[in-house]
Structure formats: C-alpha cells, structure tokens
Amino acid sequence: MAKTWKSIHKALRDCILSCGKSYSQIARETGISRPALYRLLAGRGLSLKHTETLMRYFRLVIVSEAFDELKQEQG
C-alpha cells in the first residue's frame with residue numbers, strides 16, 4: 001500500500017510541476033493551502049482529503065494491474 005501512495009503522490013507532484021500554473025493559483029483553485037502543496041513537492045505526504053482533491057483537479061485516474069488482468073481475461 002505504501003508503494004501505491006508514493007506513486008500517487010509522485011504523479012501529483014509531476015502534474016503540479018508540469019501544469020504551468022503557479023502554486024498560489026493551484027492553491028486558490030483547489031482550496032488547499034500553499035504549505036500543503038510545498039510539503040507534497042518536498043516529498044512528504046498529504047492528507048487523504050487533499051490527495052483526493054488534487055486527483056480530481058488534475059483528473060488523475062489510477063489504473064491498477066488488476067484492471068489489465070481483467071481486460072486480458074475478457075478479451
């Protein structure tokens with residue numbers, strides 16, 4: 001489970017860094033404080049609520065390996 005959280009947070013960091021918006025603008029649009037964004041960028045975690053908010057904001061979709069297995073079984 002810890003590996004999954006790390007990969008989700010890494011994907012969110014990549015989204016924040018590559019979206020072209022300032023940290024202040026992301027904070028304003030999501031309602032997450034700038035210090036919370038800085039903690040994420042520093043490699044520390046976020047609360048579940050903030051993680052979900054950022055996933056919705058960046059439309060980040062998690063696809064598990066189990067989904068690929070199901071797809072192979074059906075196809």
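Helix H2 is followed by Gly-31, whose phi is positive, near 85°. The model is predicted: local features need pLDDT of at least 70, side-chain atom pairs count only at pLDDT 80 or more, and totals for chains, interfaces and linings use all residues. Residues are numbered from 1 along each chain as its sequence is written, and side-chain values use heavy atoms, with hydrogens and water left out.

The protein has five helices and zero strands. Helices (H or I, at least four residues) and strands (E, at least two) are DSSP runs, numbered from the N terminus. The order of elements from the N terminus is α-α-α-α-α.

Of the 75 residues in the protein, 23% are buried. Buried means under 20% relative accessible area, exposed means over 50%, and partly exposed lies in between (1.4 Å probe, protein chains only). The protein exposes about 5,600 Å². Carbon and sulfur atoms supply 53% of that area. Accessible areas come from the Shrake-Rupley method with a 1.4 Å probe; for residues, only the protein chains shown count as cover.

Helix H2 spans residues 23-30, and its buried residues are Ile-26, Ala-27 and Thr-30. Seen down the axis of H2, these residues fall within an arc of 100°, so they line one face of the helix. The arc is that of the directions from the helix axis to the C-beta atoms. Helix H3 spans residues 34-41, with Ala-36, Leu-37 and Leu-40 buried. The buried residues of H3 also fall within an arc of 100° down its axis, so they line one face of that helix. An α-helix has 3.6 residues a turn, so residues three or four places apart point the same way. H3 is followed by Gly-43, whose phi is positive, near 95°.

Arg-13 lies in H1. Not counting residues up to four places away in sequence, Arg-13 touches Leu-40, Leu-41 and Gly-43. A contact means heavy atoms within 4.5 Å. Arg-13 and Gly-43 are 30 residues apart along the chain, yet their C-alpha atoms are separated by 8.5 Å. Across the protein, contacts between residues at least 6 apart in sequence were considered. Among these, 56% join residues at least 24 apart.

Two salt bridges are present. A salt bridge is a side-chain nitrogen of Lys or Arg within 4 Å of a carboxyl oxygen of Asp or Glu. Side chains of opposite charge can pair when their charged atoms come close. Another salt bridge joins Glu-29 and Lys-21, with the closest N and O atoms 3.0 Å apart. Glu-29 is partly exposed at 40%, and Lys-21 is partly exposed at 33%.

The count of disulfides is zero. Cys-15 is in no disulfide; the nearest cysteine sulfur, that of Cys-19, is 8.0 Å away. A disulfide is a pair of cysteine sulfur atoms within 2.5 Å. The sulfur of Cys-19 is therefore too far from its closest cysteine sulfur, in Cys-15, for a bond. Cys-19 is partly exposed, with a relative accessible area of 30%.
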